[in-house]
Amino acid sequence: MKDNDIDKPKGMWLRQSIQDAMTLALPEKKFNENKIDLVEIDIMINNLGKNFEDFKILNLTDIHLGQWITPEYLDELIDYVNTLDFDIITLTGDYFSYVIDDYKLAFKKSMQKLRDCDGKFAVLGNHDHWMGSKIVTDIFKQSGIINLSNDSRVLSRGEDKINLAGVDSCTVCADNLDKVIAKLEKDIPSILLAHEPDFAEESSQTNLFDLQISGHSHGGQLIIPKVDTAPLRGPNSYKYPVGIYKVGDMIQYTSKGLGTNSFRIRINCKPEITIINLKNKN
Ligand SMILES: [Fe+2]
């Protein structure tokens, strides 16, 4: 997989040094489950087979390890995740931020600690390309995590099936939806993992996907109470920055993610672990 320099931030080492100093100064570095938003939502899917009723997808996204989130925090977070009720785990990108060599072993250790379930699946985010996609995908391989970037798998339960597909990061122009579509089994429900939520504009046009799961936005790190809107939006998360949307016939779900960008600010926007519970719409 070739990495792409599109929009790659300048001065990664300098950015990381500033981050390291600020993280060191944090009064509280430990994981605290009370400071996490465990979002559990039902998503209605057309023609979902009865064996997939209440099928639970646990999604983690935007860990940005080494940028505020320390290896110790991630380790404790995975311990907490392992206590939760889910069938599969999905990971929707940006596992690293500005450096990778100092954190790749810690990331691998945490990924290898994820408990056994019916499958672990991931796509890459823009930062993963900037840091080195091969390092990240090798860690997935060594951790029993299937890389679904521009790929798809059929999940079966009894006589029922769904497509679980993934598209690579559109921020770095690594997305190849045609390749994904060629791998989809026809006439069964399809779920797409896509790091960037606004990719829903493209994926929904195909009328092939029931649900897209994304991150990338960090929920804008600021959500205005009552109206639940995120005013701070970046590229590829302008349209669908946080929560649930209907895009054509497809449902778009955007997680607030776990890490933050350069500034460790989250106002009314806690870090999120998502559990999506599938329900048959018919
Ligand atoms: Fe991202």
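Biologist: How do you know that strands β9 and β11 pair, and which way do they run?
Modeller: Two strands pair if DSSP finds at least two bridges between them. Strand β9 (residues 211–214) and strand β11 (residues 250–254) have four bridges, so they pass, and they run parallel. Within this pair, Ile213 has Tyr253 of β11 as its bridge partner. Strands here are DSSP runs of E with at least two residues, helices are runs of H or I with at least four, and both are numbered from the N terminus. Keep in mind that this is a predicted model: local features need pLDDT of at least 70, side-chain atom pairs count only at pLDDT 80 or more, and totals for chains, interfaces and linings use all residues. Residue numbers start from 1 along each chain as its sequence is written.

Biologist: What makes β6 and β10 edge strands?
Modeller: Go along the open sheet they belong to: six strands in the order β6-β7-β8-β9-β11-β10, with mixed pairing. β6 (151–157) and β10 (243–247) each pair on one side only, and that puts them at the edges. Neighbouring strands in this sheet are turned by 20° against each other on average, direction ignored. Those axes are lines fitted to C-alpha atoms (for helices, over the stretch in contact), with angles between N-to-C directions running from 0 to 180 degrees.

Biologist: Why is strand β8 called mostly covered?
Modeller: A residue is buried if 20 or more other C-beta atoms, placed from the backbone, lie within 10 Å of its own; 12 or fewer makes it exposed, and anything in between partly exposed. In β8 (residues 190–194), five of the five residues are buried. Ser190, Leu192 and Ala194 point one way, Ile191 and Leu193 the other, and all of them are buried.

Biologist: And which strands does β8 pair with in the parallel sense?
Modeller: Strand β7 (residues 160–167) is one, over five bridges, with Ala165 partnered by Leu192 of β8. β9 is another, over three bridges, and there Ile191 meets Leu211.

Biologist: How do you decide the hand of the unit made by β7, α6 and β8?
Modeller: Point the strands away from you: if the path from the first strand over the helix to the second runs clockwise, the crossover is right-handed. The β-α-β unit of β7, helix α6 (residues 177–183) and β8 is right-handed.

Biologist: Why is strand β2 described as largely enclosed?
Modeller: Four of its five residues (56–60) are buried, so the rest of the structure largely encloses the strand. β2 pairs antiparallel with strand β12 (residues 272–280) over four bridges, and parallel with strand β3 (residues 88–91), also over four. Asn59 stands opposite Thr90 in β3. The chain gets from β2 to β3 through α2, in a right-handed β-α-β crossover.

Biologist: Why does His64 count as buried?
Modeller: His64 has 23 C-beta neighbours inside 10 Å, so it clears the cut-off of 20. His64 sits in the loop between β2 and α2, with a positive phi near 45°. His218, in the loop between β9 and β10, has 30 such neighbours and so is buried too. The phi of His218 is also positive, near 55°.

Biologist: What makes you say that the buried residues of α3 line one face?
Modeller: The buried residues of helix α3 (residues 104–113) are Lys104, Phe107, Ser110 and Met111. Down the axis they fall within an arc of 130°, so they line one face. The arc is taken from the directions from the helix axis to the C-beta atoms. These residues pack against α2 (71–81) and α5 (133–142).

Biologist: How do you know where the buried residues of α5 lie?
Modeller: Ser133, Val136, Ile139 and Phe140 are buried in α5. Their arc is only 130° around the axis, which puts them on the same side of the helix. The face turned away carries the exposed Lys134, Lys141 and Gln142.

Methods. Two residues are in contact if their C-beta atoms, placed from the backbone, lie within 7 Å.
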